[in-house]
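Here's a quick tour of a protein fold, written for someone who likes to check things in the viewer. Have the model open and follow along.

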Amino acid sequence: MPEEPAKENPVHGFGGARMPRRDVLRAAGTGVLGLGLGGAALTGAATPGGGSPSPQGTPVPTPEGLGTVQQAPHLPAGFTSTFTSRFVEARGLRQHVVVGGDGPPLLLVHGWPETWYAWRLVMPRLARNFTVLAVDQRGIGLSDKPEDGYDTRTLAGDLVALMDSFGHRRFAVVGHDTGMPIGYALATDHPDRVDRLAVAEAFLPAVTPSPPMVSTAQVNDRLWHIPFNRLTAVNEELVRGREDVYFGWQFNAKAERKLPDYAVRYYVQLLSSRRDALRGSFGWYRALDTTIGQNEQRKKRLLSMPVLAIGGAKSLGESVGSTMKLVAHDVQPEVLPGSGHWVAEEAPAELLAVLTAFLAPYRTRGRGAESPSTTPTGR
């Protein structure tokens with residue numbers, strides 16, 4: 001992880017050297033796609049004047065300010081020359097996604113309490129071989145924060161609608177933390193859409209054996225937020241105004257290689273920037289009863305696609321692989337040495353190494369397939 005990245009040049013991006021501009025929306029461009037449940041609309045950060053109209057004719061605004069690529073701190077060199085913030089409206093939900101690169105589509109699903117920004121250190125390298133889409137989950141970052149819809153079936157449906165809007169019928173998925181059970185739901189509920197699944201650093205409700213309520217202090221430090229986040233209201237009252245204390249503690253307690261202060265401050269700023277941000281961040285946990293019921297059914301059907309299961313050596317380690325072997329036929333376990341929970345930020349080089357090897361067959365097949373049309377098409 002660089003100690004002090006180069007400053008951004010407004011013309012050439014970070015570091016002063018212009019990177020080749022790729023057509024990051026080959027399959028969609030900007031505009032409206034009539035897709036399934038009412039269609040979808042996309043806008044890009046580079047689009048002036050408020051973005052494209054939705055299927056109902058209402059303009060979809062362009063992402064601006066805190067939470068976008070343009071306002072993210074300490075990005076790797078050249079990041080803003082490759083990646084763009086976009087809004088996508090589909091199934092009545094507006095999602096924020098950061099898109100860039102060229103090649104087969106690769107969907108990155110962050111964990112709690114992060115956003116797309118968690119992937120920033122691995123995105124440039126992945127973009128050399130893939131069209132990378134790093135999404136803000138429902139309730140997180142710049143994506144909409146409705147009152148409900150945080151069970152993993154609905155969250156997986158959000159991501160299918162997102163990928164439909166870009167014209168990506170089949171894609172690979174990488175999910176970390178809460179992104180792991182969301183990725184599992186996506187692969188189980190929509191097996192025809194997911195070519196390969198990589199997951200990291202989480203448990204699967206109703207699949208992973210639960211630890212006892214009273215356990216070691218180390219286990220308690222890592223897991224007590226789960227029952228706390230499930231509370232219906234009091235957690236918001238306790239955390240509001242103290243976001244730096246609560247979330248700062250979470251990042252520190254789960255890290256072996258501490259995250260830089262600017263990154264933690266950025267996440268905290270996003271979580272305290274609007275009143276519904278806390279509610280949205282707790283949504284996944286409050287829907288656990290529903291997700292548990294869904295996983296009771298899902299685990300009866302083992303995944304057939306290849307699965308990469310990643311643990312940090314100083315966190316969940318081999319348990320991620322053990323969990324995924326309960327629900328999938330073809331599991332490759334990997335443990336990243338020296339890493340705690342935040343693998344994409346603590347061990348980006350090690351994560352890239354295992355992802356690159358795991359995704360190589362998918363990349364080769366995708367490169368050999370016919371390229372998607374550059375013109376938006378309805379489905």
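Are helix 3 and helix 4 roughly parallel or roughly perpendicular to each other?

## Ground rules and overview

This is a predicted model, so local features need pLDDT of at least 70 and side-chain atom pairs count only at pLDDT 80 or more, while totals for chains, interfaces and linings use all residues. Residues are numbered from 1 along each chain as its sequence is written, and side-chain values use heavy atoms, with hydrogens and water left out.

The protein has 14 helices and twelve strands; helices (H or I, at least four residues) and strands (E, at least two) are DSSP runs, numbered from the N terminus. Of its 379 residues, 56% count as buried, where buried means under 20% relative accessible area, exposed means over 50%, and partly exposed is in between (1.4 Å probe, protein chains only). Take the contacts (heavy atoms within 4.5 Å) with a separation of 6 or more: 73% of them are between residues 24 or more positions apart.

## Helix 3 against helix 4

Back to the opening question: helix 3 and helix 4 are roughly perpendicular to each other. Two packed helices are described by the angle between their axes and the distance between the axes. Here the angle is about 75° and the axes are 8 Å apart, with helix 4 covering residues 179-189. The axes are lines fitted to C-alpha atoms, for helices over the stretch in contact, and angles run from 0 to 180 degrees between N-to-C directions. On that scale, under 35 degrees is roughly parallel, over 145 roughly antiparallel, 65 to 115 roughly perpendicular, and the rest oblique.

Helix 3 brings T152, R153, L155, A156, L159 and V160 to the contact, and helix 4 answers with P181, I182, A185, L186 and D189. Sorted by type, that gives eight nonpolar, one polar and two charged residues. Ala, Val, Leu, Ile, Met, Phe, Trp, Tyr, Cys and Pro count as nonpolar, Asp, Glu, Lys and Arg as charged, and the others, Gly among them, as polar.

## Strands to look at

Strand 5 (residues 84-90) has six of its seven residues buried, so it is largely enclosed by the rest of the structure. Strand 5 pairs with strand 6 (residues 93-101) in the antiparallel sense, over seven bridges; two strands count as paired if DSSP finds at least two bridges between them. Pick F87 and you'll find H96 as its bridge partner in strand 6. The two strands form a hairpin with two residues between them, and R91 in the turn has a positive phi of about 55°.

Now strand 10: seven of its seven residues are buried, so this strand too is largely enclosed by the rest of the structure. Strand 9 and strand 10 run parallel and are joined by five bridges, with V174 standing opposite A198 in strand 10.

## Salt bridges

How many salt bridges does the model have? The count comes to 16, taking a salt bridge as a side-chain nitrogen of Lys or Arg within 4 Å of a carboxyl oxygen of Asp or Glu. One of them joins R170 to D195, with the closest N and O atoms 3.4 Å apart. R170 sits in the loop between helix 3 (152-165) and strand 9 (171-176), and D195 in strand 10 (residues 194-200), so the pair ties together parts that are 25 residues apart in sequence. R170 is partly exposed at 38% relative accessible area, whereas D195 is buried at 10%.

E236, E237, R240 and R286 make up a salt-bridge network. E236 pairs with R240 at 3.6 Å between the closest N and O atoms, and R286 pairs with E236 at 2.7 Å. R286 lies in helix 10 (residues 276-286) and E236 in helix 7 (residues 234-239), so this pair ties together parts that are 50 residues apart in sequence. E236 is buried at 12% relative accessible area, and R286 is partly exposed at 26%.

## Around helix 8

In helix 8 (residues 243-253), the buried residues are E243, Y246, F247, G248, Q250 and F251. Their cover includes helix 6 (225-229), helix 7, helix 9 (261-271) and helix 10.

H225 in helix 6 is buried, with a relative accessible area of 6%. Leaving out residues up to four places away in sequence, H225 touches W112, Y246, Q250, K254 and Y285. Over in helix 10, G283 is buried at 7%, and its C-alpha atom is 8.4 Å from that of N229, 54 residues away along the chain.
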